[in-house]
Amino acid sequence: MKLNLSQIENARLNLHIGGECRAPVSGRYFPSYDPATGAPWYDAAEAGVEDVNAAVSAARRALGNPAWRNITQTARGDLIFKLADLIGENAFELARIETRDNGKVIKETHAQISYLRDYYRYFAGMADKIQGDTIPVNKSQMLNYTTYEPIGVVGVIGPWNSPLNTMSVAVAPCLAVGNSMVVKPSEHTSATALAFAELIVEAGFPDGVFNVVTGPGATTGNALTTHPGIDKISFTGGTATGRKVATNAATHLAPCNLELGGKSPHVVFADADLERATNGLVAGVFAAGGQTCVAGARAFVQRPIYEEVVEQLSARAKSVRIGHPLEDDTELGPLALSQQLEKVLRYVSYGVEDGARLVAGGGRPNGSGWYFEPTVFADVTNDMRIARDEIFGPVVGVIPFDGEDDLYPLANDTVYGLAAGIWTTDIDRALRFAGGIDAGTIWINTYRTGAMMSPMGGFKDSGYGKHNGFAAIHDYARLKNIVVDYSGKTQDPFVIRVK
């Protein structure tokens, strides 16, 4: 991998199209900012319509290239295995770049990117296990079967909170199926996608299989999502933008995978192991600075233990070590964007205005950068703005409830349906909860626990489509039905036989 942290500093990063770096046709670049200081640290190319056209054309050529189109499934898997090894070898440097780009602490980015080695190995092993079915039909001497084929050119648009991981949930299955891609990372975090492109080249993938266009959503993203040469779009981000992406894709009938917002209920019953549950609440909303779509930002706590949990949660929030994200002992770095800091500040003021009790945090620590304290609101009601809207920051609202019958209407009273969690020692209740909550992922006595084998995706305004496992393979492939009559007989088309 050529790009490293020192080479990116104060550099101009170009587009990656057809296996090579290219300057944008317009010659325009835009700054990316270091969240720990608020200062610009590199410039990225702003891709325009001409650049997007070139990237889509390169991806389309790759689809027809015999080196990619005619490769055996096992050989395709071998390429992905090589890519996985390269990710493992470069995981720490990739983590340092991502931490510098979005402010997430280094121990979390390193753990996430190290996990990607196994993630790509999983899909590498799946490449030669993608198979259809033979279907029995009510006719003799008739073979009826299905196959899965590449869907084509996939446009992948990622967010800024976990750029490489959220990109990979589309890229890994796309490679396994045999698609080609045009990736547009968030304009706030372009660096790791471009570094990853170098690993794609080093692994030996044909030119054009993986392309990167950088730039704002309103220009570059719009050009990509409206492009008739895009056969499918994978988008991870906010619900409002997801609606725009789906609208654009509909102009040329391209299907979408959309992982959008969340406001997940995170429930603690009185019979729970409180130490485990409190740790789960902390991990559910303060990890990654709360900048995760599955953040357990609505903490429902049963009334007999309510004050105790509020006290423990507040104490933990006050003890979190805030510091530079590249330092090993830092537990909470800055928010990724200045706009995100402004949003969090605004919602904290909403919480106070609406009558919630601020028991921890609520402000900015001294110093530069886009830092914000872990914040706990108690006595929250489900109609408050801090309980309704996705804040995407280290802010949790604790809501008391009495019994199980009261919980379900409250927990499900949201436009989102991405994830939910419960802490209880009553297995019957846990399973009732799993069936009664309208969300795509349910965690029981754990939270934010994922695996490459486990399908993940939301309901309602949290989007549609699945990441991980065979569900992802099927989402990035097209199913074809083939029917063969091997009877050797000629059938008069105007003679209808009735049984």
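**Notebook: cysteines, helix α7 and the annotated site**

I began with C293, whose sulfur lies 17 Å from the closest cysteine sulfur, that of C256, which is too far for a bond. I noted that the model is a predicted one. The cut-off I applied for a disulfide is a pair of cysteine sulfur atoms within 2.5 Å. I then looked up the accessibility of C293: at 12% relative accessibility, C293 counts as buried, because buried means under 20%.

I repeated the check for C174. Its closest cysteine sulfur is also in C256, at 13 Å, and this is again too far for a bond. C174 has a relative accessibility of 0%, so it counts as buried. I then searched the whole structure and found zero disulfides.

**Entry on the annotated site**

I located E259 in strand β11, which covers residues 256-259. Is E259 buried or exposed? Its relative accessible area is 10%, so I recorded E259 as buried. I also listed its contacts, leaving aside neighbours within four places in sequence: F235, T236, G237, C293, L418, S462 and H467.

**Entry on helix α7**

I turned to helix α7, residues 163-177, and compared its span with expectation. At 1.5 Å a residue, its 15 residues should span 21 Å; I found the end C-alpha atoms 22 Å apart, which agrees.

Where does α7 bend? I placed the bend at V169, at about 35 degrees, and noted that a proline, P173, follows within four residues. Just after the helix, G178 takes a positive phi of about 110 degrees. I recorded α7 as mostly covered, with 15 of its 15 residues buried.

**Entry on the nonpolar cores**

In soluble globular proteins, nonpolar side chains tend to be buried together. With this in mind I examined the largest nonpolar core, which has 65 residues. The members that touch the most others are L83, Y120, L175, F196 and F205. Helix α7 supplies the largest share of this core, 10 residues.

I followed L83 in detail. Not counting residues up to four places away in sequence, L83 touches Y120, L175, F196, L199, I200, A203 and F205. I also found a second, separate core of 29 residues, which includes W370, V380, I386 and A411.

Technical notes:
Residues are numbered from 1 along each chain as its sequence is written. This is a predicted model: local features need pLDDT of at least 70, side-chain atom pairs count only at pLDDT 80 or more; totals for chains, interfaces and linings use all residues. Side-chain values use heavy atoms; hydrogens and water are left out. Helices (H or I, at least four residues) and strands (E, at least two) are DSSP runs, numbered from the N terminus. Buried means under 20% relative accessible area, exposed over 50%, partly exposed in between (1.4 Å probe, protein chains only). Contact means heavy atoms within 4.5 Å. The expected span of a helix is 1.5 Å times one less than its number of residues. The bend at a residue is the angle between axes fitted to the seven residues ending there and the seven starting there. A nonpolar core is a set of buried Ala, Val, Leu, Ile, Met, Phe, Trp, Tyr and Cys residues joined through side-chain atoms within 4.5 Å.
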